[in-house]
Amino acid sequence: QVQLVESGGGLVQAGGSLRLSCAASGRIFSIGLMGWFRQAPGKQRELVAGISRGGMTNYADSVKGRFTISRDNAKNTVFLQMNSLKPEDTAVYYCNVFAGANYWGQGTQVTVSS
């Protein structure tokens with residue numbers, strides 16, 4: 001079993017920055033894709049950014065140029081640096097990791113005030 005612990009969410013004014021972290025622990029042989037999703041009230045969960053073990057990344061169009069995903073394979077950790085935050089970025093952000101199976105974090109709230 002794999003456990004994911006997220007941190008870094010909070011309340012920030014528009015234009016501000018936050019950095020999310022997600023650390024995986026447990027029975028891990030190898031971690032493949034890692035990513036961040038988000039879900040705003042009344043909306044479906046959507047992909048924000050993903051990163052392969054080799055460092056290839058992809059982003060939702062709405063966050064390109066503002067968010068950066070990275071990972072530390074030695075520490076089984078994925079990060080999401082969020083800059084120039086907008087009120088529409090407000091959501092619960094979930095870490096997602098594929099390690100033989102698909103695992104989700106508990107979610108961390110990000111609130112951007114205007």
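A polar contact is a pair of N or O atoms within 3.5 Å; within protein, one atom must be able to donate a hydrogen and the other to accept it, and residues adjacent in sequence count only if both atoms are side-chain atoms. The views below come from a predicted model, in which local features need pLDDT of at least 70 and side-chain atom pairs count only at pLDDT 80 or more, while totals for chains, interfaces and linings use all residues. Residues are numbered from 1 along each chain as its sequence is written, and side-chain values use heavy atoms, with hydrogens and water left out.

**View 1. The salt-bridge network of R38, E46, R66 and D89.** A salt bridge is a side-chain nitrogen of Lys or Arg within 4 Å of a carboxyl oxygen of Asp or Glu. Four such bridges are found in a search of the whole structure. Between D89 and R38, the closest N and O atoms are 3.0 Å apart. This pair links distant parts of the chain, 51 residues apart: D89 is in the loop between β8 (77-82) and β9 (91-98), and R38 is in strand β4 (residues 34-39). Strands (E, at least two residues) and helices (H or I, at least four) are DSSP runs, numbered from the N terminus. Both D89 and R38 are buried, a term for under 20% relative accessible area, with exposed meaning over 50% and partly exposed in between (1.4 Å probe, protein chains only).

**View 2. R66 and its partner D89.** The salt bridge between D89 and R66 has its closest N and O atoms 2.7 Å apart. Because R66 lies in the loop between β6 (57-59) and β7 (67-72) and D89 in the loop between β8 and β9, the pair ties together parts that are 23 residues apart in sequence. The side chains of R66 and D89 are also joined by a polar contact of 2.7 Å. A polar atom of the R66 side chain lies 2.9 Å from the backbone oxygen of S84. R66 counts as buried because its relative accessibility is 11%. Contact means heavy atoms within 4.5 Å; not counting residues up to four places away in sequence, R66 touches Q81, M82, N83, S84, L85, K86 and D89.

**View 3. The salt bridge of K64 with D61.** The closest N and O atoms of K64 and D61 are 3.1 Å apart. D61 counts as exposed because its relative accessibility is 64%.

**View 4. V63 in the loop between β6 and β7.** V63 has 0% relative accessibility and therefore counts as buried. Leaving aside neighbours within four places in sequence, V63 is in contact with R38 and V48.
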